[in-house]
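The following exercises concern the structure shown below. Each task is followed by a solution in steps.

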Amino acid sequence: MTGLLTRDGGGVSVGVGRTALLVAAARAVETHRPDALARDPLAGHFVRAAAAPGDWPVHPDQVPGGDADPLWGRLGRYFGLRTRVLDDHLLHSARAGARQVVLLGAGLDSRAFRLDWPPGCTVHEVDTERVLTFKQTVLDAVGAHPVAERRTVAADLRGDWAAALTAAGFDPTVPTAWLAEGLLLYLPPDAERRLLARLDGLSAPGSTLAYEVKEVDAESPAIRSSPVYAAARDRLGIDLLALFATGARPDSAAGLRTRGWRVAVRSPYQFSALHGRGPRPEPDDALAANRWVFAERPGAS
């Protein structure tokens with residue numbers, strides 16, 4: 001999840017950068033659960049280095065309401081589930097032959113350090129220079145070493161990020177596993193279309209793509225005032241509804257199909273059922289409109 005890690009008067013980052021810390025804190029809490037779906041030992045270091053307020057948890061013991069807490073329980077478990085599902089997707093793609101991995105809007109993602117990548121994998125992390133600099137400072141401080149070859153690409157995804165990616169050694173002629181985790185939610189419709197069109201042009205046969213979408217405009221007033229949104233706004237100062245892009249969203253799954261990709265659209269609750277853990281549907285559900293999209297460009301026949 002991308003965004004500038006600028007500071008406000010309380011020391012914590014603002015804007016979309018604050019949501020990157022929200023996800024990192026959720027991953028830190030998930031890491032220490034006995035039934036963790038994903039483990040990220042670096043996540044808590046990012047949260048503390050950003051001087052997040054002391055009531056931002058990095059351990060389940062710091063969440064008094066447990067799973068019943070709408071923020072660090074329900075939403076936090078959603079991020080834990082999303083992390084696990086996307087981890088599995090990327091590793092499956094890499095083991096199937098995609099030796100290039102590109103994390104678009106990488107934010108505080110630590111997959112280059114914590115996943116069991118096959119030999120020869122290169123992980124490209126694309127984000128703004130400020131985010132990557134903050135991240136590297138923390139990684140250096142804790143002595144973290146990547147498992148795969150890691151290349152950072154400082155670029156604004158609203159601009160010519162593809163040129164910067166290519167300059168960093170990306171090869172568009174070989175299969176790539178692309179990930180846009182928690183990114184398209186914040187892009188205006190035209191920016192989403194441009195990004196996916198550019199990605200399509202850089203994807204060799206055998207490439208894969210995973211990303212998240214949300215039909216936020218279809219949410220009822222009751223959903224928009226749900227405890228998840230209210231807790232993020234009132235307790236963390238993150239107005240998710242204000243950050244989500246508005247207007248008619250592109251049908252990106254259909255667009256990819258017309259370009260020859262095989263596409264599957266899944267509900268997070270399908271994976272909650274698969275793993276036996278994670279959030280479940282509830283009345284006036286802020287997560288009900290979320291969808292995870294998995295696409296593959298068929299290999300050459």
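A residue is called buried under 20% relative accessible area, exposed over 50%, and partly exposed in between, with a 1.4 Å probe and protein chains only. The structure is a predicted model, in which local features need pLDDT of at least 70 and side-chain atom pairs count only at pLDDT 80 or more, while totals for chains, interfaces and linings use all residues. Residues are numbered from 1 along each chain as its sequence is written, and side-chain values use heavy atoms, with hydrogens and water left out.

**Exercise 1. Confidence**

Task: State what average pLDDT the chain has, and over which residues pLDDT stays under 50.

Solution. pLDDT is the predictor's confidence in each residue, from 0 to 100. The chain averages 91, and 93% of the residues score at least 70. Over residues 1-16 the value stays under 50; for this segment the model has 60 contacts beyond four places in sequence, a contact being heavy atoms within 4.5 Å.

**Exercise 2. Salt bridges**

Task: Classify aspartate 156 and arginine 158 as buried, partly exposed or exposed, and then examine the salt bridge between arginine 27 and glutamate 181.

Solution. A salt bridge places a side-chain nitrogen of Lys or Arg within 4 Å of a carboxyl oxygen of Asp or Glu. The structure holds 26 of them.

Step 1. Aspartate 156 and arginine 158 meet in a salt bridge at 2.8 Å, N to O. Aspartate 156 counts as partly exposed because its relative accessibility is 34%. Arginine 158 has a relative accessible area of 64% and is therefore exposed.

Step 2. Arginine 27 and glutamate 181 also form a salt bridge, at 2.8 Å from N to O. Arginine 27 belongs to helix H1 (residues 16-31) and glutamate 181 to the loop between E4 and H7, so that the pair links distant parts of the chain, 154 residues apart; helices (H or I, at least four residues) and strands (E, at least two) are DSSP runs, numbered from the N terminus. Both arginine 27 and glutamate 181 are buried.

Step 3. In the salt bridge of arginine 111 with aspartate 87, the closest N and O atoms are 2.6 Å apart. This pair links helix H4 (residues 111-114), which holds arginine 111, to helix H3, which holds aspartate 87, across 24 residues. Arginine 111 counts as buried because its relative accessibility is 1%, and aspartate 87 is buried at 5%.

Step 4. Through shared partners, salt bridges join Arg27, Arg82, Asp87, Asp109, Arg111, Arg114, Glu181 and Glu212 into one network.

**Exercise 3. Nonpolar cores**

Solution. A nonpolar core is a set of buried Ala, Val, Leu, Ile, Met, Phe, Trp, Tyr and Cys residues joined through side-chain atoms within 4.5 Å.

Step 1. The largest core has 67 residues, and those with the most contacts inside it are Leu22, Trp56, Leu71, Trp72, Leu75, Trp117 and Phe244.

Step 2. A second, separate core of 29 residues includes Val126, Ala155, Leu195 and Leu209.

Step 3. Setting aside neighbours within four places in sequence, leucine 71 contacts Leu22, Gly76, Ala231, Ala232, Arg235 and Leu236.

**Exercise 4. Helix H7**

Task: Check the span of helix H7 against its number of residues, and name the elements that its buried residues pack against.

Solution. The expected span of a helix is 1.5 Å times one less than its number of residues.

Step 1. The 13 residues of H7 (residues 189-201) should therefore span 18 Å, and the end C-alpha atoms are 19 Å apart, which agrees.

Step 2. The buried residues of H7 are Pro189, Ala191, Glu192, Leu195, Leu196, Leu199 and Asp200. They pack against strand E1 (100-104), helix H6 (161-167), strand E4 (176-180), strand E5 (208-214) and helix H11 (252-258).

**Exercise 5. Aromatic pairs**

Task: Determine what kind of aromatic pair tyrosine 78 and tryptophan 292 form.

Solution. Rings of Phe, Tyr and Trp (its six-membered ring) pair if their centres lie within 6.5 Å; planes under 30 degrees apart count as stacked, over 60 as edge-to-face and the rest as tilted.

Step 1. The structure holds nine aromatic pairs. Tyrosine 78 and tryptophan 292 form a tilted pair, 5.7 Å centre to centre with 50 degrees between the planes.

Step 2. Tyrosine 78 lies in helix H3 and tryptophan 292 in strand E7 (residues 290-296), so the pair ties together parts 214 residues apart in sequence.

Step 3. Ring pairs link Tyr78, Phe79, Phe271, Trp292 and Phe294 into a cluster.
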